[in-house]
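Please look over the sequence and the model displayed here before reading the report.

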2 protein chains.
Amino acid sequence: MVKETSPVNLAFILILLCASNVFVCRGEWEPTWSSRAAEEAEAVAAIPCSGHGRAYLDGLILKGHEPVCECNPCYGGSDCSKLLSDCAANAGSGDPYFMEPFWMRHAAGSAILVSGWHRMGYSYSDGSYISQLLVEYIKKLHGIVGNAITEGKYIVFGSGSTQLLNAAVYALSPNSSMSPAKVVATAPYYPVYRTQTQFFNSRDFSYEGETSSWKNKTDKNSIFIEFVTSPNNPDGKLTKEVLEGPNVKSIYDRAYYWPHFTAIPSPADDDLMIFTISKLTGHAGSRFGWAIVKDEAVYEKMLTYMDMNTMGVSREAQLRALKLLDVALEGDGKEIFQFAYSTMRDRWIRLKEIISKTKRFSLQKISSQYCTFFKRDRDASPAYAWLKCERQQDNNCYEILEAAGINGREGSLYSADNRYVRLSLIRSQDDFEILINKLKILVSKE
Amino acid sequence: MVKETSPVNLAFILILLCASNVFVCRGEWEPTWSSRAAEEAEAVAAIPCSGHGRAYLDGLILKGHEPVCECNPCYGGSDCSKLLSDCAANAGSGDPYFMEPFWMRHAAGSAILVSGWHRMGYSYSDGSYISQLLVEYIKKLHGIVGNAITEGKYIVFGSGSTQLLNAAVYALSPNSSMSPAKVVATAPYYPVYRTQTQFFNSRDFSYEGETSSWKNKTDKNSIFIEFVTSPNNPDGKLTKEVLEGPNVKSIYDRAYYWPHFTAIPSPADDDLMIFTISKLTGHAGSRFGWAIVKDEAVYEKMLTYMDMNTMGVSREAQLRALKLLDVALEGDGKEIFQFAYSTMRDRWIRLKEIISKTKRFSLQKISSQYCTFFKRDRDASPAYAWLKCERQQDNNCYEILEAAGINGREGSLYSADNRYVRLSLIRSQDDFEILINKLKILVSKE
């Protein structure tokens, strides 16, 4: 039968078939060595987990291992379709899964294929451990958002903001011949400032408690290092340093200073600011953060810390960050922020609505404020609810919530009163819905 | 003309075309969202750099940026085809590019495609920061090689062995209420042990110099932490701890204890051993290492250090390590070691041949030894040459070599005499050939 078709006919058929997209034609690009990796990744992504879980590549590639759904909290079964009864809402850790739908939507643009020989050496071509291309992307993004001034400043990378917090403390502390720097923070504050400073137990610095207890008590004999988190974790407030004087240095933790979580009144221009991809794109697992540093000597000390501690940040994490920021910068660079803000705002509105029905609990007040990024007043959309138990007898708010099937984090972790609990609002939609349901029941029981 | 072909004919043609592999047919797997990433990676890999350089994905993806070859030392031009004159041999850093050809050969198996939503959260499904699948792979590899006993032991990950060295010092040091642990090492030794311990300047430990000066001087009042590198960096010798007593703890840096670099006389069974992927697969840039720990309390302390310092190791780095070890474990798991050993052995033979022609220089002696992995006596194949200038007047060997266009690392960096220089033998074949050429000229000038 084939003989009936002349070579000319055959060529014509091929052209038609190519054009009709029934076949991929040679001449267009076709994968060779990359196809196995691509196929593996797509096979894993196609595993159905009922929208309540996810299968990952590193649960699959061991020969003989079957793909496995990792279910969201309170879901079970091999395909995560089973809603578990008597399951407490997970509102504890700040795993930023709220951004996951954005990345599913940008599947093609955000994927990276890493060859076996990608960046085997220690250094980039300039001899550093820092991708200058990624530095450019970061500066560009800050420029679009208008949340930080990067011109004339230095950028250093860390394995998450975690590593940079301590690098900054080391860099700002005096030599060991002087008395140790006094590290302080204002409650309620992110506990890592204290635990990390105490853990490393350096002769160069020590944790000295509440900032307020040192107000008007700074002197020339000690360097003070004040942690400032703005917006604050846990309560979302925009804050400023409290201490004043020539011996006071501030470390501004700017993890949450993105349109996702706060109005951006003006670009931050602090001497030392720390950001993390975790709360920007939602990739906590990548362990990638950056510090923007004004003073060259401080920058050099932070680089030395990074060399001594880990010889820089994983080149795979830097590559991934580059690709994620590439997507964030697409078009006018606003889509990711519109997605993140609208998600967080909706969650806050729903939460506020429930809490407004009771006098037993209250939430932090965050007023609507003009945002230079959105060019309008915008509603609150904090990363965490800082919930207070208002009844006198409810002096352990964590236990009250726990009894109602809600796991938050107790106020004392943040050096605050246990009348407060932090509830994470940046987790998956599943976790948020379960939280909302449990709160509704709790409030309706009154 | 198409009308001449009946539907039956068309179907038959399709089957033939599919079978003839001219087209990829639907029904076989075809990439969807992964194809852009795959195409980008293959396009970068296809950039011709004349075999003297490499283009990387993170030099390309910025829009408007052209792909760029990053040339090996002493090569230049847009495609790295130009051998630069008056260019010194780079025998300095331990960038393990000697493994690159292995990964080019295993392109399909070693590639990973990372989706935009891969492991966004902090934890694996067991709540830890450590991929248990990767732990399994590591144990399996040690089992095949027979270089370390992992049964009944704990494994903790770090951002390269760098981070684990300091984590181990913290974990082995007493609480701050006791006197600080004394950290010691035996020259010639890897300088990071000293610089890191001094840099972090903890109240819990201090660097106390040469191990030998504390022999028979350990007492009950202090904990001693002895760094043991076996095989040793720089000289490749198999070593053991020197100090004895109940207060002495050893950190065994086992980075080079692979068939690449040494005979494996028996599986190492030390209390605390540190390995790194850098010197196993050659991926220094990934910043991935692991410690094998006997004592549970020490393991827990190291985990705490990792949490406090960086909240674990980048999940991308862990995924990459998993894939690389997957390739290493293929078949009988011997190919990677045969490749690495044969490369390093050939290099050592060529180097020895040149140095044997002169009395001005000498190399460390490493005798042939029975290897339980290869099940035979095997030749030396160290990672570094520990070259000595034998002439009395040549008391700065680094300068002698530098004048001859060879950049090594001076002995004093390793707390040894400057009659010694470390020459890295694990860099690219280009670097090694230039080194050999410069040495030939130097030796022939006598």
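## Basis of the model

This is a predicted model, in which local features need pLDDT of at least 70 and side-chain atom pairs count only at pLDDT 80 or more, while totals for chains, interfaces and linings use all residues. Residues are numbered from 1 along each chain as its sequence is written, chains are lettered from A in the order in which they are written, and side-chain values use heavy atoms, without hydrogens and water.

## Domains and their interface

An automatic or database assignment divides chain A into domain 1 (7-90), domain 2 (132-328) and domain 3 (335-444). Ten residues from domain 1 of chain A and ten residues from domain 3 of chain A make up the contact (heavy atoms within 4.5 Å).

Domain 1 of chain A and domain 3 of chain A bury about 820 Å² between them, 47% of it on carbon and sulfur atoms (accessible area, 1.4 Å probe, lost on being put together and summed over both parts). On the domain 1 side, A:A88, A:A89 and A:N90 lose the most area, together 59% of what that side buries.

## Nonpolar cores

The largest nonpolar core has 260 residues, of which A:W290, A:M302, B:W290 and B:M302 touch the most other members. Such a core joins buried Ala, Val, Leu, Ile, Met, Phe, Trp, Tyr and Cys residues through side-chain atoms within 4.5 Å, buried meaning under 20% relative accessible area (1.4 Å probe, protein chains only). Apart from it lies another core, of 20 residues, including A:I47, A:L57, A:V114 and B:C69.

Key: Buried means under 20% relative accessible area, exposed over 50%, partly exposed in between (1.4 Å probe, protein chains only). Buried area is the accessible area (1.4 Å probe) that two parts lose on being put together, summed over both.
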